[in-house]
2 protein chains.
Amino acid sequence: MSIKHAETDHPIHELATRRWSPYVFADRPVAREDLTALFEAARWAASSFNEQPWSYLVATREEPEEYERLLSCLVEPNQAWAKAAPVLALGVVTHRFKRNDKPNRVATHDLGLAAGNLLLEATARELLVHQMAGILPDRARELYSIPSGSEAWTGLAIGHAGDPESADGGLGDRDRAPRTRKPLREFVFSGRWGQAAGL
Amino acid sequence: MSIKHAETDHPIHELATRRWSPYVFADRPVAREDLTALFEAARWAASSFNEQPWSYLVATREEPEEYERLLSCLVEPNQAWAKAAPVLALGVVTHRFKRNDKPNRVATHDLGLAAGNLLLEATARELLVHQMAGILPDRARELYSIPSGSEAWTGLAIGHAGDPESADGGLGDRDRAPRTRKPLREFVFSGRWGQAAGL
């Protein structure tokens, strides 16, 4: 597996440094047991009032028709690279609380928490996940009969890292580029907005 | 540390099973180094176009005035238990992309991804985090001069687990209750909405 470690300013757990989002996937299936574990991890995420406002639609390359259907719910620029991943999924959010039908302001945030757990488990199993905002929610609703209170929110391409050298176009370059982030002083504040917390 | 393991249906990484959200915190500070690592981990989360639409406002009990200010941004039922945590924070989301000022549909989702990384690091360091949707975003905007494009979205109480026996009212009972989740077949689908993926 090709690894793109984060160059951190402070030491953190290796599961956080090893996670990255590849454009190039290896032609190698994901074991059923591993796939199950990813969603089991998502299952145990925190959520407001334990609402668990997340659902997933999943397709593997072993079922070509289902795979094509899920692929067609991604925007074309994402289809171009995601079609190499052995597993595709859509993350679906439910916007209202079941118990009282009130809007759940943190529903998409909590879908992100579930994804965070899924990513942790994937990294532990030497799998990589590339999430996408570029999906076609209306098409997904039509193809999968997603009910009106829920909505496809993210796409996930899941698999093993491929060889950047084997990739067409600029995809390999993207996978070779170093990972970059804003420094802590630009987003962790104390006292007032913009004042670095000095961590 | 009191531990509330998830009783999983399938084996997953212990960092996902050990995470839980306590109501009772121990009277013990969080080391500066640990606190720094939590936000360093959040820093390396994935985000759409690497926008990193998350920021944090943080206060520790070592600065009582700052701590009280942050505490006052939580709804009262949350203040009642969160005031025992040695560290409080607000998770702030920025709703539009910096590069083109267009709405970022996944901004709060990506704040959730950052929180997922923060939780991973916390669990690895035997810290616990209880996140809250119940905060007062307008009060936070006023007290911290949060600019109009950004918005306080979540609260975080951070610390070590306390002794449930020591807690007033029903808080200890909540910390003793087992963790529960929907089974996989109720939220991981294949082919169409509601059809279990059979993982």
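Chain A can be laid on chain B by a turn of 180° with a shift of 0.0 Å along the axis, giving an RMSD of 0.0 Å; for this, copies are superposed by least squares on the C-alpha atoms of residues with pLDDT of at least 70 in both. That is the relation of a two-fold axis. The same surface serves both copies, since 100% of the contact residues of chain A recur in chain B.

Before going on, a word on the ground rules. This is a predicted model, in which local features need pLDDT of at least 70, side-chain atom pairs count only at pLDDT 80 or more, and totals for chains, interfaces and linings use all residues. Residues are numbered from 1 along each chain as its sequence is written, while chains are lettered from A and ligands numbered from 1 in the order in which they are written.

Now let us see where the chains meet. In all, 64 residues of chain A are in contact with 64 residues of chain B (two residues are in contact if their C-beta atoms, placed from the backbone, lie within 7 Å). On the chain A side, the elements giving two or more residues are helix 1 (14-17), helix 2 (32-43), strand 1 (54-60), helix 5 (107-124), strand 4 (150-159) and strand 5 (188-189) of chain A. Helices (H or I, at least four residues) and strands (E, at least two) are DSSP runs, numbered from the N terminus. Helix 5 of chain A gives the largest share, 13 residues. By class, this side of chain A has 35 nonpolar, 19 polar and 10 charged residues; Ala, Val, Leu, Ile, Met, Phe, Trp, Tyr, Cys and Pro count as nonpolar, Asp, Glu, Lys and Arg as charged, and the others, Gly among them, as polar.

Next, follow the sheets. Strands of a sheet pair through backbone hydrogen bonds, either parallel or antiparallel. One open sheet of five strands has the order 5(A)-1(B)-2(B)-4(B)-3(B), with mixed pairing, where two strands pair if DSSP finds at least two bridges between them. Its edge strands, each pairing on one side only, are strand 5 of chain A and strand 3 (128-132) of chain B. Two bridges join strand 5 of chain A to strand 1 of chain B, and these strands run parallel. Here A:Phe189 has B:Leu57 as its bridge partner, and A:Val188 stands opposite B:Tyr56.

Another open sheet of five strands has the order 3(A)-4(A)-2(A)-1(A)-5(B), also with mixed pairing. Within it, strand 3 of chain A and strand 4 of chain A pair in the antiparallel sense over five bridges. A:Val129 finds its bridge partner, A:Ile158, in strand 4 of chain A.

Finally, look at a pair of helices. The axes of helix 2 of chain A and helix 5 of chain A come within 7 Å and cross at roughly 140°; axes are lines fitted to C-alpha atoms, for helices over the stretch in contact, and angles run from 0 to 180 degrees between N-to-C directions. The two helices are therefore oblique to each other (angles under 35 degrees count as roughly parallel, over 145 as roughly antiparallel, 65 to 115 as roughly perpendicular and the rest as oblique). From helix 2 of chain A, residues including A:Leu38 and A:Phe39 meet residues of helix 5 of chain A, among them A:Leu118 and A:Glu121. This contact has nine nonpolar, one polar and one charged residues.
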